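Hi,

Here is the structure I said I'd pass along.

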Amino acid sequence: MSGLAKYLLENGCEVAGSDVCDSKYVQKVKELGATVHIGHRADNVPKDCVVIASTAIRQDNPEIVRAKELGLPIYHRSDLLAEISRGGKFFLGYSGTHGKTTTSGLSSYVMEKAGLKPSYVVGGIIPELDTNAHCQDGKFFAAELDESDGTIVKYVPNIVVINNLEADHLDFYKNGLESILETFDKFISKMPENGIVLANYDCKACLELKSHKIITFGLTDGADYQAKNIVNCAHYTTFDIYFKGEFLTDLKIILRGVHNVYNSMAVLASLHQAGVDINLVKPHFATFSGMGRRFQKVGEVRGTLIYDDYAHHPTEIKAALSSALSFKDKNVIAVFQPHRYSRLKNLWNEFLNAFDGVSKVIVTDVFAASEDVIDGINGEAFAKDLASKGVNCEYIGGDMKTVADKLYSTLAENDVLVGLGAGTINQLGKELLKLDKELINVAN
């Protein structure tokens, strides 16, 4: 939502809105001229506006109720993004269950650094650019396409990357992966005749899509774009990319994990298919440090490295922890804040198997988002179930300050702590750093 607000503000639109609390996202749009109210109230709604709302906003929200009373047009956020995407630029869309924020951000970043002046709206802050959206006069428009609520069918990109497909958002997709595949088939069927679908060859579900115009990327033989000769070094990874059996280019990245080999290859393939000179963008892959909240280093406390990651699906947790486990001779502590009761319920067993190899797991209370509580589905019950599997596990309830207070004294040299989740878990590292600073000041 903040990215869309920024895009409108850069186009000279008058923008107002509200959020439940202040944040860096709120401050960014205020700096660009938006009027932002903290808290949702009916009197926040002007009498002559168009209302844009996300899926998280319920119909009984006082601002939605007021907008209906005034007879104002009300659109979903996807309607606005779809309208922006029809602005005449070459539209690059990045989608899939995992990796769409990283791929859309990486694509925007390397094009920006190469001087291509792209426009973009992505789902996270690009650290080196300090923004998640920008409107410029270049040829390309890049965007993250969210499938969580089925609205992906509204977009018609020239090129779409499908990173992978897995069962998720089962509160919406009642038949699981079958429903997701149906949605993606409908989405692809609306693409232009010369549109290009780039899909992960190593993802079985991607290969079940009905489109006959899929170009693939992967690590195994048979993929149109194939990564070979992968070398993992302490601070970077290198690999070669072949296209239809012929060497295309070598690539260097500083992101950890094999999932980021896929992400980088997908972006390079999309730009190659779009006609971008690969030599222009290639050097900038090696300077991309990742998206905000994607295995992002927060700081160091008592000799413990603190990382934050948006991972809230079992596969994403495994990927984030693989990055942490790549540190040699470190004890990895995972602090897991389940995101949504429905996701924890529907993927309970998958979550139980997502923490292999870590030294300890801390489970916090569930971040409900817009959901109601489900009886028997909570952080404490999950922690007990995880402990019964032999995992060193502890439940800590309360807000992130409480979690930080209880964790602080247990941290030690050679620990790596990773906060995992899409809710308020991003405050944990900040609370630990704040507590550390306060205690150091007291000691002095």
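Keep in mind that this is a predicted model. Isoleucine 362 sits opposite glutamate 394, which belongs to S19. The strands behind that contact are S18, covering residues 360-363, and S19; the two pair in the parallel sense, over three bridges.

Zooming out, where do S18 and S19 fall in the strand order of their sheet? They come at the end of the order S15-S16-S20-S17-S18-S19, in an open sheet of six strands with mixed pairing. Strand S15 (296-301) and strand S19 (393-395) are the edge strands, and each has a single partner strand, so one side of each lacks a neighbour in the sheet. From one strand to the next, the twist averages 20 degrees.

Is S5 mostly covered or mostly open? Mostly covered: five of its six residues are buried, with buried meaning under 20% relative accessible area.

S5 also has two parallel pairings to check. With strand S8 (residues 140-144), S5 runs parallel and is joined by five bridges. Within that pairing, phenylalanine 91 has phenylalanine 141 of S8 as its bridge partner. With strand S9 (residues 159-162), S5 again runs parallel, this time through four bridges. Here serine 95 is partnered by isoleucine 162 in S9.

As a reminder for when you trace these, strands of a sheet pair through backbone hydrogen bonds, in either the parallel or the antiparallel sense.

Cheers

Methods:
Residues numbered from 1 in each chain as written. Predicted model: local features only at pLDDT ≥ 70, side-chain atom pairs only at ≥ 80, totals over all residues. Heavy atoms only, no water. Pairing = 2+ DSSP bridges. Axes fitted to C-alpha atoms, helices over the stretch in contact; angles between N-to-C directions. Buried < 20%, exposed > 50% of the residue type's maximum accessible area, 1.4 Å probe, protein only.
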